[in-house]
Amino acid sequence: MKNLGLISVILLVSITGALVLFVPLLQDKKLPREVVIVAEDMSFTVSTQNLEGIKNPTLNFIRGEKISILFRNNDPGIRHDLIIEGLGIKSSILSYGESERIILTVPDNVGTRSYYCTFHMLMMKGLIVIE
Ligand SMILES: [Cu+2]
């Protein structure tokens, strides 16, 4: 009986320890929010956040959230890239049909940033609002 009590205590401590260790790990593994940004007809379109069909839409990011940007070039014969000012995001230069995934953690300082394509800044430029 004495042993049984000891075993119970050891089990309890082990389970508690495992929970303390693993719960934060599980929370960290929360999947990033995916935002699909497509370069098409010399502008950016975004197929998430209910922004379909809007050219160079304003995007809303929440500070601290993880975002997975899937950037795709859908413009035959034209190369594009994607820069997000102030967040240190700079994609590769993509040719037609190419795509690139960029994962970022939104910084804590709220405000408005801009995103653009280096080659077509006048036509391909939008805002990102960090709240
Ligand atoms: Cu471009």
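In the predicted model, Glu-40 stands opposite Ser-43 of strand S2. This pair belongs to the region where S1, spanning residues 33-40, and S2 are joined in the antiparallel sense, over four bridges. Both strands are part of an open four-stranded sheet with mixed pairing, in which the strands follow the order S2-S1-S4-S7. The edges of this sheet are formed by S2 (43-46) and S7 (99-105), each of which pairs on one side only, and the twist from one strand to the next averages 25°.

The protein chain as a whole contains one helix and nine strands, and its elements, read from the N terminus, run α-β-β-β-β-β-β-β-β-β. Of its 131 residues, 18% count as buried. Among contacts between residues at least 6 apart in sequence, 58% join residues at least 24 apart.

In soluble globular proteins, nonpolar side chains tend to be buried together. In the present model, the largest nonpolar core comprises 16 residues, and those with the most contacts inside this core are Ile-37, Phe-44, Phe-71, Leu-82 and Ile-128. At least two residues of the core are supplied by each of S1, S2, S3 (59-61), S4 (66-73) and S9 (125-130). When residues up to four places away in sequence are not counted, Ile-37 touches Phe-44, Val-46, Ile-69, Phe-71 and Leu-82; among these partners, Phe-44, Phe-71 and Leu-82 are themselves listed with the residues that have the most contacts inside the core.

Methods
Residues numbered from 1 in each chain as written. Predicted model: local features only at pLDDT ≥ 70, side-chain atom pairs only at ≥ 80, totals over all residues. Pairing = 2+ DSSP bridges. Axes fitted to C-alpha atoms, helices over the stretch in contact; angles between N-to-C directions. Core = buried A, V, L, I, M, F, W, Y, C linked by C-beta atoms within 7 Å. Buried ≥ 20, exposed ≤ 12 C-beta atoms within 10 Å, placed from the backbone. Contact = placed C-beta atoms within 7 Å.
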